[in-house]
Amino acid sequence: MSNLLDLNFIEDCNKQLKQEIHQDYQALGEKLARNNIDIEDVLKQAQSFSIAVPSWGVGTGGTRFARFPGIGEPRNIFEKLEDCAVINRLVTCTPTVSPHFPWDVVDDMSALREQADTLGLKFDAVNSNTFQDQADQQHSYKYGSLTHTDTATREQAIKHNLDCIEYGKALGSKALTVWVGDGSNHPGQQHFSRALERYLDSTRVIYNALPDDWQMFIEHKMFEPAFYSTVIQDWGTNVLCAMELGDKAKSLVDLGHHAPNVNIEMIVSRLIQFKKLAGFHFNDSKYGDDDLDSGSINPYQQFLIFNELVDAEYRAAEGFDPAYMLDQSHNVTDPIESLMNSAESVQRSFVQAKLVDREALYGYQESNDALMASNTLKAAFHLDVSPILAMARLRTGGAINPLQAYRRSRYREQIASKRPSSGHTGSGIV
Ligand code: RM4
Ligand code: MN
Ligand code: MN
């Protein structure tokens, strides 16, 4: 496919950087050793981290105003997988892909699974889509899907989710993520509790169709496309529904789907405590559901979220097994570059959180030493763990500097001639 998948090429890219990275790794190792931390242990933790790439993220995104396509965009799920493989080849922490249906439906799902296998990829949670109409569909989702007032429309939306479970089974997935845009634009337009009752009636049917070893991830979002009210608008409604449905239903946290200034790390803690944390859609935001690159705006928040996650691991919290996924829209960057950067950014927060002196923190909490508690977190956040991340990649056959290697490969330029432009410049969510 490309020289990028060639071990020799990556080896060659790493050659010039190897000496420097060994020196930096050693220096950081000595620094950590002064705090009785073995850098090799931290490295193993870094290598254990993995995060799924969204199939819809490898195409250029857009806003409701316009989309400015890049060159060599993938035109179907097979090409999307090729790009995902390039990402994983270089960063080595993205071995899974989260597909979105019907966008990624193909006639032969087993062929898709085979291609993924060949590329060294597996599938994470499958996503349903009842937030837009498809060309061939009978009932419109203009006024809602799983919560629509019309029974036939609800049934159609339920059927789509059941189909997604079947696609997922064929691909080896173990979870269905359900996000609905259902809501209203005018006060009075929708009866709040009736709409939620309909949601629960619909999702119960979907829940009951889940295989025993599957989970249902419920995703909330405060607003957009509905601008007055949204049926599953926040983590409160989300977790109430997950509790109503049963143990296999959990709440998914998309970082951009909250009101500004909401304490997301605290929501995470609550969901962990009640065994209801499904996992994450990582991205960053400044104003709303901006879908910016993870850690590009507020890396401290991302670290504080991982502080809660690592704390749960440290305390061996029961039922704790969150799924990590990226969910971003790359409007002005090469999606492959953004996804590599973001995967590393999330991995960085994870590793930094591993370096929090947890016993010291608990001590400061018990003695009400607010300043030292805060400084304990800051100490880990300020550590530059780049050498650990680079060494983790080097030892697993990835690139010391993924971005540099990717640009040097000229993958995008090469692939552009094989993938003529789709010409689609209209608005688009992704
Ligand atoms: C939504 C939400 C969902 C994703 C779609 C494309 O805002 O984040 O997770 O499936 O976008
Ligand atoms: Mn999302
Ligand atoms: Mn979103």
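**Aromatic rings and a metal site**

Phe227 has a relative accessible area of 45% and is therefore partly exposed, a class that lies between buried (under 20% relative accessible area) and exposed (over 50%), using a 1.4 Å probe and protein chains only. This is a predicted model, in which local features need pLDDT of at least 70 and side-chain atom pairs count only at pLDDT 80 or more, while totals for chains, interfaces and linings use all residues. Residues are numbered from 1 along each chain as its sequence is written, chains are lettered from A and ligands numbered from 1 in the order in which they are written, and side-chain values use heavy atoms, with hydrogens and water left out.

Phe227 forms a tilted aromatic pair with Phe223, 5.8 Å centre to centre and with 45 degrees between the planes; rings of Phe, Tyr and Trp (its six-membered ring) pair if their centres lie within 6.5 Å, and planes under 30 degrees apart count as stacked, over 60 as edge-to-face and the rest as tilted. Phe282 and Phe306, by contrast, are stacked, at 5.5 Å centre to centre and 15 degrees between the planes, and both are buried. Ring pairs also link these two with Phe49, Phe280, Tyr324 and Phe350 into a cluster.

Turning to the metal site, the manganese ion (ligand 3) is coordinated by His257 (NE2) and Asp289 (OD) at 2.2 to 2.4 Å, where donors are N, O and S atoms within 2.8 Å of the metal (3.2 Å for Na, K and Ca) and sites may look incomplete because water is not among the atoms. His257 and Asp289 are buried, and the manganese ion (ligand 3) is 4.1 Å from the manganese ion (ligand 2).
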